[in-house]
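We will go stop by stop.

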Amino acid sequence: MRIRKCIRIKNVPLLAVGLFVILTILKTFQHSRNQPGIYEREPNLTYMYESKKLDGIACVKFQGRLGNLMMEYVFLYVIAKMKHLYPIVPENSELFQIFDLEKTTLSAINKSTDSCSKLPEYKESWGLSYDEKLLAVPPNKSVRFNGYFQTWKYWIKYEDIIRKLLRFKNPIQQKAHDQMRTIMNKMKFEVNKDSVIVSMHIRRGDYATDGHYKYGKLTPNETYYANAMQYFKTRHKNILFVVGSNDIDWSKKALAKEKNVYYATGNSPAEDIALLSLANHTIMSVGTFGWWIGWMAQGTSLFYKNIFRPQSDFAKEFRNNSIDDFIYPGWIPME
């Protein structure tokens, strides 16, 4: 059983440290029960690339924010391994600053900066659904892809390896653990068998604008968060809710009547994901940012089921109007 290490515990009250360890053990146990069993694992991908043995390269158009970049990288990594290609990541990618990833860039293999732009391009048919034709590209032949690749189906067979790849760099991990211990102390969170921490990602910002609504993107209102919190309240006696949001003011107003809620501020996007994913369970809003928090936490995840407005342009990004390819197996819908 894997237990996350707590660092710098000299000045932290023993009670909080003990709870932190207990919660981590519970998270590990829950993960062992919640693993999706519909796809057989194929943990046969190696980590380091030997460029001399690879004749071709694989490129994707990296676009969007951190959650999008993570989806694009994971797709690139897996497709490159499956097709025996060298995965090309931009030289200045922020992913290198966040995760301990091998720096597989064009300069690393002495190729020109326009090498990707010369390749034949395959574009995804749906932004949030599985497109089998992307995996049908021939092996050992350089290729580039254009899309967001926002579905677990592309890489679920290699999930164990992906979890090892997407490990935060030590300073980010350290800060997240220190923050969580500090939060528990500030909130005077008591230790008992029913204690759980539930993280909440509340996305507003761009999703709350008229432009996004017209396009078809929806974001939850206060009712969803109240229902989601109630779900956990009926199952656990002692809960600490930790909130991360791009609109803390709205969040505080929406949750004004709730107790045991801590609002995390001042973090970078990566630091927010690292912190919120330490929780036992998660309440998601919309988008890939909250998606990754739920996936990394590996506990019970609730998601807002009304992701898109029917018959909108955004609805066209979902194959047959289904969110099944986007939502990870076992997550619980709510509205």
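**Stop 1: the core**

Select W155, I283, W291 and W295: of the 100 residues in the largest nonpolar core, these touch the most other members. A nonpolar core is a set of buried Ala, Val, Leu, Ile, Met, Phe, Trp, Tyr and Cys residues joined through side-chain atoms within 4.5 Å. Buried means under 20% relative accessible area (1.4 Å probe, protein chains only). Next, colour helix α2, residues 66-82, which gives the most to this core, with 12 residues. Helices are DSSP runs of H or I, at least four residues, and strands are runs of E, at least two, numbered from the N terminus.

This is a predicted model: local features need pLDDT of at least 70, side-chain atom pairs count only at pLDDT 80 or more, and totals for chains, interfaces and linings use all residues. Residues are numbered from 1 along each chain as its sequence is written, and side-chain values use heavy atoms, without hydrogens and water.

**Stop 2: the sheet**

Now show the strands. An open sheet of 6 strands runs in the order β7-β6-β5-β8-β9-β10, with parallel pairing. Two strands pair if DSSP finds at least two bridges between them. Find the edges: β7 (261-263) and β10 (332-334) each pair on one side only.

Which strand do 3 bridges join to β5 (residues 195-202)? Select β8 (residues 281-283), which runs parallel to β5. Click S199, and look opposite for T282 in β8.

**Stop 3: back to W155**

Zoom in on W155. Leaving aside neighbours within four places in sequence, W155 is in contact (heavy atoms within 4.5 Å) with V74, V78, I162, W291, W292 and W295.

Definitions and conventions
Buried < 20%, exposed > 50% of the residue type's maximum accessible area, 1.4 Å probe, protein only.
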